[in-house]
Amino acid sequence: MSEGYVTVKIWGGLLGEAACKFTQLAGTFKSNITIEKTAYMGTNAEFLVGVLSLNIRRNSYVKIVAEGPDEKEAVEILCGFLDTSKIV
């Protein structure tokens with residue numbers, strides 16, 4: 001199991017288009033990936049509605065947890081996605 005912590009720097013937070021792109025990116029990995037806003041609030045990173053329900057705003061501190069064959073790569077790439085202020 002790999003985990004990473006990151007402060008979300010995306011303008012507007014992880015909502016709308018950013019959330020859609022995040023879930024699509026999470027779906028490209030074979031690992032099971034979760035995103036957690038607090039110890040009691042987390043969801044599967046591939047589920048758009050779950051990610052939106054976390055209401056993750058800019059400058060929120062989140063935890064990404066992955067378990068599977070490509071877990072380290074998944075955590076690194078997803079944390080990098082959240083750490084950028086511009087969505088491509």
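Start with the salt bridges: a search of the whole structure turns up 4 of them, each defined as a side-chain nitrogen of Lys or Arg within 4 Å of a carboxyl oxygen of Asp or Glu. You are looking at a predicted model, in which local features need pLDDT of at least 70 and side-chain atom pairs count only at pLDDT 80 or more, while totals for chains, interfaces and linings use all residues. Residues are numbered from 1 along each chain as its sequence is written, and side-chain values use heavy atoms, with hydrogens and water left out.

**Stop one: K63 and its partners**

Select K63 and E3, whose closest N and O atoms are 3.7 Å apart in a salt bridge. This pair links distant parts of the chain, 60 residues apart: K63 sits in strand β4 (residues 61–67) and E3 in strand β1 (residues 2–7). Helices (H or I, at least four residues) and strands (E, at least two) are DSSP runs, numbered from the N terminus. E3 is partly exposed at 39% relative accessible area; buried means under 20%, exposed over 50% and partly exposed in between, with a 1.4 Å probe and protein chains only.

Because K63 lies in β4 and E36 in strand β2 (residues 32–38), the pair ties together parts that are 27 residues apart in sequence. E36 is partly exposed, at 23% relative accessibility. Keep E3, E36 and K63 selected together: salt bridges with shared partners join them into one network.

**Stop two: the hairpin**

Follow β2 onward to strand β3 (residues 41–44); the two run antiparallel and are joined by 4 bridges. Strands pair if DSSP finds at least two bridges between them. A hairpin through 2 residues connects β2 to β3.

**Stop three: helix α1**

Next, show E17 and K21, joined by a salt bridge (3.2 Å, N to O). They are 4 residues apart in helix α1 (residues 17–26), which means about one helical turn separates them. E17 is exposed, at 53% relative accessible area, whereas K21 is partly exposed at 25%.

**Stop four: α1 against α3**

Which residues of α1 meet α3? Select A18, K21, F22, L25 and A26 in α1, then I77, L78, F81 and L82 in α3; contact means heavy atoms within 4.5 Å. By class, this contact has 8 nonpolar, no polar and 1 charged residues.

Methods. Ala, Val, Leu, Ile, Met, Phe, Trp, Tyr, Cys and Pro count as nonpolar, Asp, Glu, Lys and Arg as charged, and the others, Gly among them, as polar.
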